[in-house]
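Student: Please take me through the labels used for this model, and set each value against its cut-off.

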Amino acid sequence: MNTYLAVDLGGTFMKYALITEEGTIQLKEKTKSPVSIDDLVETVGRLSEKLFPVKAVTMSSPGAVTEEGVVQGSSALSYLHGPNIKNLLQKRVQLPVYMENDANCAAYAEVWKGAGSEARNMLSVVIGTGIGGAIIKDGVLHRGNHLHGGEFGYMLLNTEEPGFNQTWSGLASTQALVRRFANAKQKNSEDYTGEDIFRLADEHDQEAVEAVEKFYYYVAAGIYNLQYMYDPELITIGGGISAREDLITKVNEKLDVIMASLPLGKIKPAIAAFKFRQHSNLLGAVYHGRLEEMKKE
C-alpha cells in the first residue's frame, strides 16, 4: 500500500505525518515551523529521507496556492510568497510534490473521510484568528477566479453606516471574541486567548458569557448568509472551536433565533463539526495529492 508524507505548514508549528492511500495515519509529529525557504526545503527533504519510502510529498500551506506551486497573498510565513515552492521541494526530495491551501485541505479531509463524505455540495468554514473556508461543488473544490473561493471572512455582516463596515472575521473570529471580552473588562486583549474566554464563560463570568453568546450569534449569522448564497447540503465548521462539544448545539440555537425573527428564509442550514479537527489539513493534503495523481493516469 502506498504511503505519503503529509506536511501541514503553520505559522508556529509544522505538523507532519505518514498517511496511507486509504487515509490511515501511521505516524504524526510536529516541529517548529522552518524560518526560511532554505530551512523549509531542507527540513522536508530530511523527513522524506528519514521516512522513506513514500510515494509523494503532500503539503497544506497558508496563502493562495497556485497549481504551479507559487503561494500568493500573505501569511505569517512571509518567505513562502514569491518562489516556486513545489519546484524547490521536488528538486530536493526527488519525488512528486502536491500543494494546496490549508482551508481547502481541511475541506478535502471532510469530503474524503469526514462529516461531508456523503455530500456533493458543501461549504467548509474554518474559524481561528480569522475566518476562511472552502467551497465544494459536485465533489470538486472551487478555487475561484482569483484563488479566493471560500474566503468567507471578508463577507460584510455589519454595514450600519458608510465607513463603518465590519467583516465576518471582524465579528466572529476568536480574535474578535477576545477583543469583545477585553473591551468589556477594560483589559488588554493580548492578555487572553479564546480558550481563556470559553473557560471563564464556563465558570459563569458575566462578561465572558456575553462575549461567547455574541460570538455564537455572529457565527450563526454568517452561516445563515452562506446557506442562501450557495444552498449546500452541509456546512462544516472547523478550527480550534470545533473541539467544543457544544459548538453545533449553540450555533443551532442562534440559527433558530435568527430564523424566528425573519418572515422569509426558512431553510435551516445543516451544520456539522469537522471530524478530524487538528488532523484535517494533513489528511486533506493527501487526498489532494491522490486527486492530482488520478489526473495523470
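Student: In which element is the place of Ser61?
Tutor: Ser61 sits in strand β4, residues 56-61. Strands are DSSP runs of E with at least two residues, helices are runs of H or I with at least four, and the numbering of elements starts at the N terminus. The model is predicted, so local features need pLDDT of at least 70 and side-chain atom pairs pLDDT 80 or more, while totals for chains, interfaces and linings use all residues. Residue numbers run from 1 along each chain as its sequence is written, and side-chain values use heavy atoms, with hydrogens and water left out.

Student: Is Ser61 buried or exposed, and how do you know?
Tutor: Its relative accessible area is 0%, so Ser61 is buried. The term means under 20% relative accessible area, with exposed over 50% and partly exposed in between (1.4 Å probe, protein chains only).

Student: Which residues does Ser61 touch, not counting those up to four places away in sequence?
Tutor: Ser61 touches Leu9, Val71, Leu80, Met99, Glu100, Asn101 and Asp102. Contact means heavy atoms within 4.5 Å.

Student: Why does Met259 count as buried?
Tutor: Met259 has 8% relative accessibility, and therefore counts as buried. Met259 lies in helix α8, residues 247-260. Beyond neighbours within four places in sequence, Met259 is in contact with Tyr224, Gly265, Lys266, Ile267, Lys268 and Pro269. Between the C-alpha atoms of Met259 and Ala273 there are 21 Å in space, at 14 residues apart in sequence.

Student: What makes the α7 and α8 pair roughly perpendicular?
Tutor: Their axes cross at roughly 70° and come within 8 Å. Axes are lines fitted to C-alpha atoms, for helices over the stretch in contact, and angles run from 0 to 180 degrees between N-to-C directions. Angles of 65 to 115 degrees count as roughly perpendicular, under 35 as roughly parallel, over 145 as roughly antiparallel, and the rest as oblique. α7 and α8 are therefore roughly perpendicular to each other.

Student: What is the hand of the α7 and α8 crossing, and which residues meet?
Tutor: The crossing of α7 and α8 is right-handed. A crossing gets that label if the near helix is turned clockwise from the far one by less than a right angle, and is left-handed if anticlockwise. From α7, Glu213, Tyr216, Tyr217, Val219, Ala220, Ala221, Ile223 and Tyr224 meet Leu247, Lys250, Val251, Lys254, Leu255, Val257, Ile258 and Met259 in α8. By class, the contact of α7 with α8 has 13 nonpolar, no polar and three charged residues. Ala, Val, Leu, Ile, Met, Phe, Trp, Tyr, Cys and Pro count as nonpolar, Asp, Glu, Lys and Arg as charged, and the others, Gly among them, as polar.

Student: Why are α5 and α6 called oblique?
Tutor: The axes of α5 and α6 come within 9 Å and cross at roughly 60°. α5 and α6 are therefore oblique to each other. α5 passes α6 in a left-handed crossing. In this contact Leu177, Val178 and Phe181 of α5 meet Gly194, Ile197, Phe198 and Leu200 of α6. The residues of the contact of α5 with α6 divide into six nonpolar, one polar and no charged.

Student: How do you know where on α6 its buried residues fall?
Tutor: In helix α6, residues 194-202, the buried ones are Gly194, Ile197, Phe198, Leu200 and Ala201. Down the axis of α6 they fall within an arc of 160°, so they line one face of the helix. The arc is that of the directions from the helix axis to the C-beta atoms. What covers the buried residues of α6 includes α5 (174-185) and α7 (206-230).

Student: What is noted about the phi of Gln94, and is Gln94 buried or exposed?
Tutor: Gln94 is not a glycine, yet has a positive phi of about 55°. With a relative accessible area of 64%, Gln94 is exposed. Gln94 is in the loop between α2 and β7 (97-101).

Student: What about the phi of Asp231, and where is Asp231?
Tutor: Asp231, not a glycine, has a positive phi of about 55°, and its place is in the loop between α7 and β13 (234-238).

Student: Why point such values out?
Tutor: Most residues other than glycine have a negative phi, and most peptide bonds are trans. The peptide bond from Phe52 to Pro53 is cis, with omega near 5°. Pro53 is in the loop between α1 and β4.
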